[in-house]
Amino acid sequence: MTIWDTLVGQRATITALEQAVAGHGMTHAWLFTGPPGSGRSNAAIAFAAALQCEHGGAGPDCPDTCHACHTVLAGSHADVTLVRTEKLSIGVDEVRELVRRASLSPMGDRWQILVIEDADRLTEQACNALLKAIEEPNGRTAWMLCAPTVEDVLPTIRSRCRLVTLATPTTAEVAGFLVSRGVEEPLASYAARASQGHIGRARALAFDEAVRKRREEIVQLPARLTNLGRCMDAATQLAEKAKEEADAITAELDAREKVDLDLAYGVVERGRRPREYGPALAALEKGQRTRAKRRHLDVVDRGLTDLVSVYRDAIAIATGAPGALVNEEIRPEIEEIVRTSTPELNLRRIGWIFAAREQMLEFNVPVALALESMMVALKTPQR
């Protein structure tokens with residue numbers, strides 16, 4: 001095995017990173033871009049592991065028992081800092097701490113590496129703080145930024161980074177990856193198609209029956225949007241299901257953080273709360289609310305992607321496009337959508353879904369309101 005085995009369908013990227021590990025084209029700042037699920041953060045972490053590994057991430061024990069590879073992948077390597085945010089943005093204070101760390105020499109004899117998973121969430125002040133560190137790098141420090149596209153990062157920062165662009169894996173590549181992980185071929189094929197190249201989503205669909213069921217409910221919605229009442233019901237169903245899933249994801253983490261806070265301030269042992277406990281609890285609860293909001297939007301966004309796949313399939317059938325449908329399992333329902341619409345209408349429907357997504361993510365429109373407006377727009381036209 002090698003450290004690169006988790007990167008599906010990225011042979012060109014792997015080759016470029018292997019050359020950099022060998023000393024050809026290595027630089028102090030990297031920008032990993034690619035569509036959701038392509039594995040840009042996985043590529044950055046694998047690259048970090050290969051740079052810290054004396055075998056370049058390709059030794060006989062990598063990544064299973066090699067100490068450097070294992071600790072980087074586990075998030076415990078002393079010289080690799082990974083920034084993952086559950087917030088809507090990454091602020092200047094957090095970046096200043098990273099800049100301070102970047103100025104230090106690594107504890108080992110290799111690199112001090114800082115990976116920012118959501119560089120597109122950096123605030124303007126945070127970008128300005130980061131820019132100076134990238135302009136005047138420490139000789140043994142490497143920055144790795146991850147973002148969906150180069151346009152999501154300020155020009156002054158991206159111009160100082162070496163760009164690594166990841167592609168969307170093909171359905172066959174994703175299915176092959178799942179089969180290699182023990183998934184039976186029919187289920188692997190379904191998960192690969194339904195995920196549309198998103199590796200994390202494909203894994204969830206392959207290994208979690210509840211995730212599959214929720215997706216099946218969502219892709220059935222377009223065929224049912226025949227009147228105003230059903231449109232409103234569909235919006236409510238999508239919003240409530242997303243809220244339930246998001247709450248289930250965050251509830252356990254919230255409870256664990258609360259226990260850790262109580263232990264840190266000795267609330268349980270002393271039987272009372274010290275003066276400093278109140279502000280700390282308020283800050284924790286504020287962060288948890290922000291995280292819950294983002295998680296809710298993420299789950300809704302995933303549902304919108306599934307809706308888009310239905311109208312994409314309708315366009316494919318209507319125009320005779322080659323290739324398999326994303327939602328082959330509901331072909332009869334999609335053919336009914338084709339019968340009651342046109343490719344132009346379904347293309348506009350996809351645009352309305354993206355407009356609803358933008359309203360929620362960029363303009364803070366309440367989820368229920370945006371979904372209701374969207375479902376009404378998607379309603380099947382009367383004969």
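Hi everyone. A strand here is a DSSP run of E at least two residues long, with strands numbered from the N terminus. With that in hand, Thr165 belongs to strand 5, residues 162–165. Please keep in mind that this is a predicted model.

What does Thr165 touch, leaving aside its neighbours within four places in sequence? The partners are Thr13 and Thr33. Now let's look from Thr165 over to Val211: these residues are 46 apart along the chain, and their C-alpha atoms are separated by 29 Å.

Helix 9 covers residues 199–207 and helix 10 covers residues 209–219. Two packed helices are described by the angle between their axes and the distance between the axes. For this pair, the angle is about 105° and the axes lie 5 Å apart. Angles of 65 to 115 degrees count as roughly perpendicular, and so helix 9 and helix 10 are roughly perpendicular to each other.

Which residues meet there? From helix 9 we have Arg201, Ala204, Leu205, Ala206 and Phe207, and from helix 10 Glu209, Val211, Arg212 and Arg215. By type, that contact has five nonpolar residues, four charged and no polar ones.

Last stop, helix 8, residues 185–195. Its buried residues are Ala188, Tyr190, Ala191, Ala192, Arg193, Ala194 and Ser195.

Technical notes
Residues numbered from 1 in each chain as written. Predicted model: local features only at pLDDT ≥ 70, side-chain atom pairs only at ≥ 80, totals over all residues. Heavy atoms only, no water. Axes fitted to C-alpha atoms, helices over the stretch in contact; angles between N-to-C directions. Helix = DSSP H or I, 4+ residues; strand = E, 2+ residues; numbered from the N terminus. Parallel < 35°, antiparallel > 145°, perpendicular 65-115°, else oblique. Contact = heavy atoms within 4.5 Å. Nonpolar A, V, L, I, M, F, W, Y, C, P; charged D, E, K, R; others polar. Buried < 20%, exposed > 50% of the residue type's maximum accessible area, 1.4 Å probe, protein only.
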